[in-house]
Amino acid sequence: MVALRINGTTYEAPDPGRNLLSFIRFDAGLTGTKYACGEGECGACTVLVDGGSLRACQATVGAVADGEITTIEGIARGGELHAVQQAFIDASATQCGYCTPGFIMSAVALLGRQPRPTDEQILDALALNICRCGAYQRIVRAVHEAAARMSEPAG
Amino acid sequence: MNEAPEHGLHIVGPVATTPGAPPAATRPSRWVSVLADGSVVAYAGKVEFGQGIRTGFAIEVADELRVPLERVRVVLGDTALVPWDMGTFGSQSTARTGLQLRRAAATAREALLEMAADRLDLPADTLIARGGRIAPAGGGRGVAYEELVAGTEQERDVDDAALLTRADEFSIMGRDHARCDALERVTGRAIFAQDTVIDGMLFAAVLRAPSHGATLSALDVTAAERMPGVAAVVRDGDLVAALADTDEHAEAAAAALQATWDEAPATASTLDLPELLLRSARDAFVTQEAGALDDGFRTADAVLEGQYYVPYVSNAPMEPRAAVARWDGDRLTVWAGTQRPFGIRTELAQRFGLEEDAVRVIAPEIGGGFGSKSPYPAAHEAARLARVAGRPVRVAYSRLDEMQTATVRPAALFNVKSGFTNDGRIVAWQFDAYHAGDRPFLGRRGSETPYDITNARVTTYTCDSPLAAGSYRSLGGAANHFAREVHIDEIAEATGLDPVELRLRNLAHPRFRRVLERAAEAHGWRPAAAPSRRGAGVALGLDVGSYAATVVQASVRGGEARVERVTAALDCGLVVNPEGVRNQVEGSIVMGLGTALSEIVEFHGGRVLSNGFARYRVPRAADAPVVETVLVGDADTPSTGAGEPAIVPIAAAIANAVSDATGERQRELPINRHLR
């Protein structure tokens, strides 16, 4: 039995060997994190662990039991969207939307460590995320836009 | 889901009245409702799988009804709630369904005008609809829709003569709108088939054949049945599955099944396919014939022959197929991310001997498809297993299941022979297209040449296909365009003409000429004889009634081609949501870029070897070019398709650009495999 912190809530996980993605989706009921490849190749299952990005399909519950996990459902604050979420809407950076949570989480992780990334840094950070609908140029634009908004002085 | 009857004004009509239409299509159903809370609901049998059709429909209905966009809710893809529909394919949603919704909304507007005329005791022709109200044209508050429909429950037939809003009077259509369902997508609240979980549900893991055509010869379930969490191991004919309390328990149990398979001997692998296509060609079908080929070749100054090849490619949508089925007595409900909810309903009703009304298929949000989610075996598997288990069952394909079992775009080989004059007039055109698979409509699409050639014959053939060939964005259209547009470039090279100029010399159709000229102009095309060594490429095409032209800037470094910049012009007539169309064009370009540079489904016999994203290379962010979309359609020309046409020229434009850069003609895809 391990305890798991997801989006500030503690969940009990009887089996430390349980796949983290399955736990998040079916045991915690947070289906915003997607299954798409199961091989860590596509990034649809990207979550944050202590602010860094992780492919949930490649981890077990036990491996992250000490960490603070954040999923796509946990990044809006007080009813206000995260800047990356809003930028994805504004740039029409989502088509089918299945990859969108994973891209957003990869972008949030990037902006956590690099507030004003270059094109190259964005492409690097998104290298393991696939958008089969091909919205890439809008996704990159959205990440830049979110970075600009997050860097504005609060006011 | 709220299914309580909602009071208001409902516009109803059949989908079709033509003889031979399915009975479900001839029954009147609701298209548009104006409800007592002032909201508007639009109903359509299409599904949302990334193309943004929910937003497009909302825009059309809001504009016709003169209400703010956010007041319109669109219900899609639920067979219990929406009008019958054949399926979401062929880019028909805006051209046909959208037009029907506009008629229904215009009917509602005219009905509301009449109702207001009664209420206000004013002639209807002195009233106008605006902002969700009917008011005197000369001024005055008038009356809100909700006041008009409150307490009423009335139905009106769709009036095919209802006055549609003229393009110069649009206030919502033709302007850029963000997706009305974007919020659910960026917050993770959008529910896809893979996300569907219902009470009492068992997770299934289906035993998959290792190759197409393999049959199960022996099975031992003893070990599987003893695995933790297993509720049952079900065998229903050819369907074997472990049912368990969790996904992982089901998968572990399925892995413990001791199965022996009879596989057909592998007679062909990836590299054998071109020869197999030629050897097995049959059912010659002439899609275009003009003049006399012999005369054409005799009068030509030069004759050119070329052979072109495209391998199998995979749709590979991000969401693998999944379905949940629940039986309530003899009634069946299936959640399935299919492009054909009504078709799947018919199939399920037939399989279980039920009336169609006893089966409800609900298509939730769909994580891509591009044609491959028309066949949906997961729905059948879930329904069969739930019937045996007596509990709801979820069947969710893994990536490997998806890549092994989904249909692929037919591989195709082309023999093209042309005759032309020294000044670049094409006078003879012989185009033979050999598409894998026995579904001839796939290969016929887009096979006809759009050029004005006096003597032409285009023939398509069906051929053996080791893998199941099926639908893909533009079907075989993009493959046909690849061969044709590369060959056209070779004619330009042979005659020393600029590739844009050569095309214009052979094109009379004004919409074709315009789309090409606008793409070239927007890109900054500078005429030069090919190869110019600049990495510039062009191609054009026609698909689902829309005209497309694409200009590409590419470079080659270290044996890899890279596409830097793409300018795509599209004429799809009236554009409902320019932002939505640009998104579809960009997506088509990126998808076509994958087929041009890196994508190939490798196989050995019936086994798919390219069965995951590590082994099937789709474009990633760093591969994506800068895409500029130029929309050139006229607002008073009826809408034609926008989801597919931009893919038909792109692979040829890229191949032509790479050939232009290297001086070596690219006739085979994917290019990065053939570059030295």
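In chain B, residues B:Ile344, B:Glu347, B:Leu348 and B:Arg351 of helix α10(B) meet B:Ala379, B:His380 and B:Ala383 of helix α11(B), where two residues are in contact if their C-beta atoms, placed from the backbone, lie within 7 Å. By class, this contact comprises four nonpolar, one polar and two charged residues; Ala, Val, Leu, Ile, Met, Phe, Trp, Tyr, Cys and Pro count as nonpolar, Asp, Glu, Lys and Arg as charged, and the others, Gly among them, as polar. The axes of α10 (residues 341-352) and α11 (residues 377-389) of chain B come within 10 Å and cross at roughly 35°, the axes being lines fitted to C-alpha atoms, for helices over the stretch in contact, with angles that run from 0 to 180 degrees between N-to-C directions. The crossing of α10(B) and α11(B) is right-handed, a term applied when the near helix is turned clockwise from the far one by less than a right angle, left-handed being the anticlockwise case.

The model is predicted, and local features accordingly require pLDDT of at least 70 and side-chain atom pairs count only at pLDDT 80 or more, whereas totals for chains, interfaces and linings use all residues. Residues are numbered from 1 along each chain as its sequence is written, and chains are lettered from A and ligands numbered from 1 in the order in which they are written.

Chain B contains 19 helices and 30 strands, taken as DSSP runs numbered from the N terminus (helices, H or I, at least four residues; strands, E, at least two). Along its principal axes, the C-alpha trace of chain B spans about 80 × 75 × 45 Å. The radius of gyration of chain B, 27 Å, agrees with the value near 26 Å that a compact globule of 676 residues would have; the radius is taken over C-alpha atoms, and the globule rule is 2.2 Å times the number of residues to the power 0.38.

The division of chain B gives domain 1 (8-187), domain 2 (193-263 + 321-396) and domain 3 (270-313 + 408-674), with bounds that come from an automatic or database domain assignment. The C-alpha centres of domain 2 and domain 3 of chain B lie 39 Å apart, and eleven residues of domain 2 of chain B are in contact with nine residues of domain 3 of chain B. On the domain 2 side of this contact, the residues divide into four nonpolar, six polar and one charged.

Within chain B, an open sheet is formed by three strands in the order β5-β6-β7, with antiparallel pairing, two strands being paired if DSSP finds at least two bridges between them. The edge strands of this sheet are β5 (127-130) and β7 (143-144) of chain B, each of which pairs on one side only. Four bridges join β5(B) in the antiparallel sense to strand β6 (residues 133-136) of chain B, and B:Ile128 stands opposite B:Ala135 in β6(B). Helix α3 (residues 93-120) of chain B packs on the sheet, touching β5, β6 and β7 of chain B, and its direction makes about 125° with that of β5(B).

A further open sheet of chain B has five strands in the order β14-β24-β23-β22-β15, and its pairing is mixed. Because β14 (282-290) and β15 (302-310) of chain B stand at the edges, each with a single partner strand, one side of each is left without a neighbour in the sheet. The twist averages 10° from one strand to the next. Strand β23 (residues 426-436) and strand β24 (residues 455-463) of chain B pair in the parallel sense over nine bridges, and the bridge partner of B:Tyr434 in β24(B) is B:Tyr461. Helix α14 (residues 477-495) of chain B packs on this sheet, touching β15, β22 (412-420) and β23 of chain B, and its direction makes about 145° with that of β15(B).

For chain A, the domain assignment gives domain 1 (2-74) and domain 2 (83-151), whose centres, taken over C-alpha atoms, are separated by 20 Å. The contact takes 15 residues from domain 1 of chain A and 13 residues from domain 2 of chain A. Between the chains, 49 residues of chain B are in contact with 45 residues of chain A. The largest share of the side of chain B that touches chain A, seven residues, comes from α17(B), and by class this side has 25 nonpolar, twelve polar and twelve charged residues.
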